[in-house]
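Visitor: Could you take me through this model, one question at a time?

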Amino acid sequence: MTETYKAETGMRLILLAFGVLLMATSAHAASPKWTLVVHGGAGIIERGRITPADEKAIRDGLGRALDAGKAILDKSGPALDAVEAAVKILEDDPHFNAGRGAVYSYDGRNELDASIMDGATRRAGAVAGVTRTRNPVSLARAVMERSPHVFLSGDGADQFSIEQGLEQVDPAWFGTPERQRQLDKMKARKVSAFDVDLKYGTVGAVALDAAGHVAAATSTGGLTGKRWGRIGDSPVIGAGTYADDRACAVSTTGAGEYFIRLGVAHEICARVRLKGETIGVAADKVIAEMGEIGGSGGVIVVSPGGFGGWSFNTPGMYRAMAKHDREDRIEIYADEGAARTAVTR
């Protein structure tokens, strides 16, 4: 073998190795690492209480929400865009208590709440009691990005929405016959202002993007028959929504008053950041503590390390998760998949 031949052969091997490296790098660039978790509410969700048609529609809705977020994350888009996109899908789906399909207040109105938070900057936006914005989560984001405030409510939030050019709808667009039936049932029973079916239909999403940033968003119609301008945890930063790149992102669903009292979303993040707990341990401990004082519901969580999942103390929770390297998971009942415990892998 001549020296020239050896040199040429060596060069070919180097170029081949370099080509393999380039292909591997390109493949990696085309497959960013991300995680997305969504929820559509928790509560007395049991087999036999949901018709097969409704169960299919709910699973399909969760799947569409995942697809909307995945389309952004898989192109290295920001987590903030992904959670907004996922929540908008659920807001437009009448099977969930947010946006179209929101429950009625005692006075027969749909009063919508939402919030969103960016874990990279810890900027946040929230709205409560809005009545005409098709997608309240987008209004919450507008508050965060286009106003000096964090939280707007009622007529002021509605006016801000119009000024920002967000899509407006007639208030009747949000209502559905099923939600009217639930209100009529509550009034007939002459019970207090509480969700008669014990299904906390809040929707939410948390995500980790390829840049390592997390975000969270939550949206709800509140509780059936709510009165006196009642506001739950969903639009309250630290209770229903929180995101911090130093810890995790959280969106909650459940008996809002208890989530507010414990500051559930922030408490989970604080345990991760300050005590070094995993998101699974932190979520389980906070949900257990809430249960001890009478609260029920659940949370979805994602960490900057790519771990994601949920924890809840109710018979069921509409939930789903997607990761860049795994098949989607869509679950409803407590005995599916990892059950009530957060997925930390």
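Predicted model: local features only at pLDDT ≥ 70, side-chain atom pairs only at ≥ 80, totals over all residues.

Visitor: What distance separates the end C-alpha atoms of helix α9, and what should the helix span?
Guide: Helix α9 covers residues 279-292, and at 1.5 Å a residue its 14 residues should span 20 Å. The computed separation of its end C-alpha atoms agrees with that expectation, being 20 Å.

Visitor: Within what arc do the buried residues of α9 fall, seen down its axis?
Guide: The buried residues of α9 are Ile279, Gly280, Ala282, Ala283, Val286, Ile287 and Met290. An α-helix has 3.6 residues a turn, so residues three or four places apart point the same way. The buried residues accordingly line one face of α9, falling within an arc of 170°.

Visitor: How many residues apart in sequence are the parts that the pair of Phe96 and Tyr318 ties together?
Guide: Phe96 and Tyr318, both buried, form an edge-to-face aromatic pair at 6.2 Å centre to centre, with 85° between the planes. Because Phe96 lies in the loop between α3 and β2 whereas Tyr318 belongs to strand β12, the pair ties together parts whose separation in sequence is 222 residues.

Visitor: Is Trp173 buried or partly exposed?
Guide: Trp173 forms an edge-to-face pair with Phe174, at 5.6 Å centre to centre. Phe174 has 0% relative accessibility and therefore counts as buried. Since buried requires under 20%, Trp173, at 26% relative accessibility, counts as partly exposed.

Visitor: Over which ring does the charged end of Arg227 sit?
Guide: The charged end of Lys187 lies over the ring of Tyr106, 4.6 Å from its centre. For Arg227, the charged end is 4.0 Å from the centre of the ring over which it sits, that of Tyr106.

Conventions: Residues numbered from 1 in each chain as written. Heavy atoms only, no water. Helix = DSSP H or I, 4+ residues; strand = E, 2+ residues; numbered from the N terminus. Expected span 1.5 Å × (residues − 1). Buried < 20%, exposed > 50% of the residue type's maximum accessible area, 1.4 Å probe, protein only. Arc of directions from axis to C-beta. Phe/Tyr/Trp six-rings, centres within 6.5 Å; stacked < 30°, edge-to-face > 60°. Lys NZ or Arg CZ within 6 Å of the ring centre and 35° of its normal.
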